[in-house]
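Here is a short briefing on one protein model. It starts with a single side chain and then moves out to the whole chain.

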Amino acid sequence: MPVEAFVENREPLPWYQELQAKLVHLKITEGLAHSLLVGGPAGIGKVHLAKSLAFALLCRQKGAVACGHCSSCRLVLAGSHSDLRWVHPEDSQQIRIDQIRQLVSWANQTSQQGGLKVAILEPAERMNLAAANALLKILEEPASDTFFILVSAMPMGLLATIRSRCQQVPTLRPEQDQALLWLNEVLPDTDEGELHTALHLAAGSPLSAYHFLLEGRSRIQVEMLELLIQLINGRVNPVKAAAQALDKTHPLDIYDLLYWLFSEALRHYLYDSARPRLSRALEESIAAFVQVFSVKQLLLMNDQVISARRLLTGTGNPNLLQLLESLLILLFEEAHKPAAATLVE
Ligand SMILES: [Zn+2]
């Protein structure tokens, strides 16, 4: 199923059904602020929630979920509802001042369909200062029929004055079982082990896992894990492994995977019994790391991963191959130190 089918879906994601029902009820009892800030981790469906909520607020039936049949719903489905606005970075990385000016002018007009007007801004932290200040003016004096839904994975990146104008709508990751159930529903042909793997590599964020699987990155990560195991078992040398890894995937993905592996291995030492269920590929990789490395080594290598990642995302222009080679050489050397795997080394 194409991703648009979810993005445009009128129904909230299963883990937000209750939250959306509460928000719609608040609107009916006039307890809903005119500016909402939907904040929470990336990849859990905040934009979807903003859209399904906007859809429900515009629906003539005034239910917790948009009916999909009334005149308003039909316009939303056709993408031509004049009282619904979606503001997001267009050709640049930022939401620009002219986009907000257009929004202000739209907000000052009366509703064309005779109902509410709803605008979604996402990601809200991408507004530049001029845009944020222009928005602040309409948030300060909202029209009684207009609602603004700001969505942000980094709410602290917004102006404090904007945050304080908004009713906070914090969102959480769904439970693992619920996320897996949903993934299984939307990707029925994908193997369950693969769903587990993708969900874990996406730190429990189901929509991130969904994109991960769609783009085939999950399979690449499993291949990367196999390569790392070969490296620590001495079946491939670090220089060759670095070249192979960079051939397969983006360097940031490699460092993220390593960071995740070291963190999971450390967690294994600390909270052996409390670990969640993982796919077999992940279990085996973590077990191999735990068997070979001590806590001290894991911490040392994790520091190196963090430094390398910082170099990659900084303004410099590091040699990607050299950077990864030196990290994998360290990994190889640490793995082949005698009697490495002791907790208190
Ligand atoms: Zn409707």
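Glu122 is buried, yet it has no salt bridge. The nearest side chain of opposite charge is Lys51, 5.9 Å away. A salt bridge needs a nitrogen–oxygen pair within 4 Å. The model is predicted.

**Surroundings of Glu122**
- Glu122 sits in the loop between strand S3 (117–121) and helix H6 (129–140).
- Which side chain joins Glu122 in a polar contact of 3.0 Å? The partner is Trp86.
- Trp86 is also among the residues that Glu122 touches.
- Val87, His88 and Pro89 are on that list too.
- Val47, Ile95 and Val151 complete it, with residues up to four places away in sequence left out.

**Fold and extent**
- The protein has 16 helices and 5 strands.
- Its C-alpha trace spans about 75 × 40 × 35 Å along the principal axes.
- Among contacts with a separation of 6 or more, 76% link residues 24 or more positions apart.

**Burial and surface**
- The protein has 345 residues, and 47% of them count as buried.
- Glu122 belongs to the buried group.
- The accessible surface comes to about 17,200 Å².
- Carbon and sulfur atoms account for 53% of that surface.

**Charge**
- The protein carries 30 positive and 36 negative charges.

How values were computed:
Residues are numbered from 1 along each chain as its sequence is written. This is a predicted model: local features need pLDDT of at least 70, side-chain atom pairs count only at pLDDT 80 or more; totals for chains, interfaces and linings use all residues. Side-chain values use heavy atoms; hydrogens and water are left out. Helices (H or I, at least four residues) and strands (E, at least two) are DSSP runs, numbered from the N terminus. Buried means under 20% relative accessible area, exposed over 50%, partly exposed in between (1.4 Å probe, protein chains only). Contact means heavy atoms within 4.5 Å. Accessible areas come from the Shrake-Rupley method with a 1.4 Å probe; for residues, only the protein chains shown count as cover. Lys and Arg count as positive and Asp and Glu as negative; His and the chain ends are not counted. The place of a charge is taken as NZ of Lys, CZ of Arg, CG of Asp or CD of Glu. A polar contact is a pair of N or O atoms within 3.5 Å; within protein, one must be able to donate a hydrogen and the other to accept it, and residues adjacent in sequence count only if both atoms are side-chain atoms.
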